Number of protein chains: 2
Amino acid sequence: MRRDVFQAIADPTRRAIIALIALQAMTPNTLAEHFETSRQAVSKHLKILSECDLISQEQLGREIYYKLEVEKMKDIDIWLEQFRKIWETKFSQLDDLLATIKKQKK
Amino acid sequence: MRRDVFQAIADPTRRAIIALIALQAMTPNTLAEHFETSRQAVSKHLKILSECDLISQEQLGREIYYKLEVEKMKDIDIWLEQFRKIWETKFSQLDDLLATIKKQKK
DNA sequence: TAAATATGAAACTATATGGTTGCAAATATA
DNA sequence: TATATTTGCAACCATATAGTTTCATATTTA
């Protein structure tokens, strides 16, 4: 079973969960109130997010507070870095390359 | 069928395709040489990437060159922005919140 | 102690996903 | 023109995914 950050953020409900607990740590019950799905479904999403270390939990009595491990989000940022260099270049080297190929073929 | 940028980058083969064509536009055949899977499987990945506008194509004779629409990658960057604000804060407000809850409960 | 609350796990289901093989269409080349 | 090359699409398959309902466990509260 694949279980990485990219697979974790693929699901829109999980992205919403991440955004919610980024603002404030929450219990599964409180989280579930924000969605149409069942509490158990939210729990399954929390498990997936836990398995790739995007969130951590802290038990307080019978409640479990889930919070975002925001450092892990940097993994996505690191992957984006290689493309950031390209999109910050005003003149596209790709268009340039295609133009070159076209000329060669003629 | 869901078809957004986040779902597109969830697959490791598609992330590899993106990284390859970011450097240089490529045909499906050339791309497929970089992977274990069949050319047809690569074509299916290209279709998914096309459907969410992450790539575009240009036909030259019987060859079709696929190139990255690097602007679309910014969608991911935009989503990350909300978390970047948090991870750039040295002192975690989440730990703070949990500490507050603990005190209230005592 | 008994009841209520919060949670996770198990079993099940429908659909999505990623892969394969075979084929048809378009273009280039002999 | 006949053949080779490049490509996308259809049909099929095994597995993953996201959801449900039911149940067991732990903790709080009456």
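## Basis

A polar contact is a pair of N or O atoms within 3.5 Å; within protein, one must be able to donate a hydrogen and the other to accept it, and residues adjacent in sequence count only if both atoms are side-chain atoms.

The model is predicted, with local features needing pLDDT of at least 70 and side-chain atom pairs pLDDT 80 or more, while totals for chains, interfaces and linings use all residues. Residues are numbered from 1 along each chain as its sequence is written, chains are lettered from A and ligands numbered from 1 in the order in which they are written, and side-chain values use heavy atoms, without hydrogens and water.

## Surface at DNA strand C

Around DNA strand C there are 24 residues (a heavy atom within 4 Å). Those that come nearest are A:Ser43, A:Tyr66, B:Ser38, B:Lys44 and B:His45.

A polar backbone atom of A:Ile64 is 3.3 Å from a phosphate oxygen of DNA strand C. Another phosphate oxygen contact involves B:Ser38, through a polar side-chain atom at 2.6 Å. At a base oxygen, the side chain of A:Arg39 places an N or O atom 3.1 Å away.

## Interface of chains A and B

The contact (heavy atoms within 4.5 Å) takes 41 residues from chain A and 41 residues from chain B. Four salt bridges (a side-chain nitrogen of Lys or Arg within 4 Å of a carboxyl oxygen of Asp or Glu) cross the interface. One of them joins A:Asp77 to B:Arg84, with the closest N and O atoms 2.7 Å apart.
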